[in-house]
Amino acid sequence: MSHPDRFLLAGVMGWPIMHSRSPKLHGYWLDHYGLAGAYVPLAIKAEGLEAALRALPALGFAGCNLTIPHKEAALRIVDEASPLARRIGAVNCIVVRADGSLEGRNYDAFGFTESLRERAPDLRFDAGPAVVIGAGGASRAILAGLMDEGVPEIRLINRSPARAQALAAEFGAPVRAVPWEAKAQALEGAAILVNTTSQGMVGEAPLDLALDALPVSALVVDIVYAPLETPLLAAARARGNRVVDGLGMLLHQARPAFEAWFGIDPKVTPELRALIEATL
Ligand SMILES: NC(=O)c1ccc[n+]([C@@H]2O[C@H](COP(=O)([O-])OP(=O)(O)OC[C@H]3O[C@@H](n4cnc5c(N)ncnc54)[C@H](OP(=O)(O)O)[C@@H]3O)[C@@H](O)[C@H]2O)c1
């Protein structure tokens, strides 16, 4: 389906922005579905965010994604935010409505849970406790996602304990803060382990976590995607755990955004995954 009378536009605002894989991802879908349009990287500094967002309707943009450092600030600018975006405290997708107003949404939780569904189709979220390492921005989306899927207990562990305690108090049950020193023991009986810290990323030290207490039946997830196999995933795979890398979260969060802007629910295919993998 093409729109000969209209050139479709969307993009991603961030600073820096040229590292973003989103233009390649959405560009692939625009091409694949035969849509005349473009998805562009928009280099926007923090002080320019509001003016840039307000310009979207005049420029004919269907909307945009937001990345570092704009996700929290955008929540304060949009005319309306979805309940989930408010709960997470961040917006990663903006939809320009017919009247030119801006609606903020957050698809990071969806991206996370869909990537687990894709890579571990038989996973039962209610099978047992989850251990989440890290209490930053990404952790907030993952906590919301796990809670909404019915995970019965979430043990939240962060290097700076006050941050985990504050987050556990804000989200409430089933999220419970566990001290950093107790992280190895906290793996006992867990069904899912998720790393949401930046540890294990290219240029960063590996996550310091002994896996001995983790059941071999547990699913181990790292949302870091560069490298695709972090030291945590390599160690988990070596002892027999199933693992899920961070690329699926990135790919799947883009689906509902593309659909909201352009009316097609696009597919995450092995070809698309390979295309983005080649850029890592
Ligand atoms: N796959 C995806 O689609 C996706 C989406 C979003 C983010 N991510 C990735 O997720 C990671 C976190 O992103 P974010 O936005 O949540 O960042 P953030 O808000 O800056 O949070 C960083 C987290 O990492 C922890 N951390 C940093 N250095 C540490 C260290 N040396 N030892 C232990 N913990 C450490 C921080 O703990 P403190 O509170 O103690 O500082 C905090 O919990 C990044 O690698 C990012 O690329 C992936």
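A polar contact is a pair of N or O atoms within 3.5 Å; within protein, one must be able to donate a hydrogen and the other to accept it, and residues adjacent in sequence count only if both atoms are side-chain atoms. The model is predicted, so local features need pLDDT of at least 70 and side-chain atom pairs count only at pLDDT 80 or more, while totals for chains, interfaces and linings use all residues. Residues are numbered from 1 along each chain as its sequence is written, and side-chain values use heavy atoms, with hydrogens and water left out.

Start at the ligand. A polar backbone atom of Ala-135 is 2.9 Å from an oxygen atom of the ligand. For Ala-138, a backbone N or O atom lies 2.8 Å from a ligand oxygen atom, and for Leu-250 the distance from a backbone N or O atom to a ligand oxygen atom is 3.4 Å. On its own the ligand has 930 Å² of accessible area, of which the protein covers 75% (Shrake-Rupley method, 1.4 Å probe). Around the ligand are 21 residues (each with a heavy atom within 4 Å); Ala-138, Asn-158, Arg-159, Ser-160 and Arg-163 come nearest.

Now turn to the largest pocket. Domain 1 (8-106 + 248-277) and domain 2 (109-245) both give residues to its lining, so the largest pocket lies between them; the domain bounds come from an automatic or database assignment. The residues of this lining divide into 19 nonpolar, 20 polar and eight charged (Ala, Val, Leu, Ile, Met, Phe, Trp, Tyr, Cys and Pro count as nonpolar, Asp, Glu, Lys and Arg as charged, and the others, Gly among them, as polar).

Two peptide bonds deserve a look. The one from Trp-15 to Pro-16 is cis, with omega near 0 degrees. The bond from Ala-226 to Pro-227 is also cis, with omega near 10 degrees.
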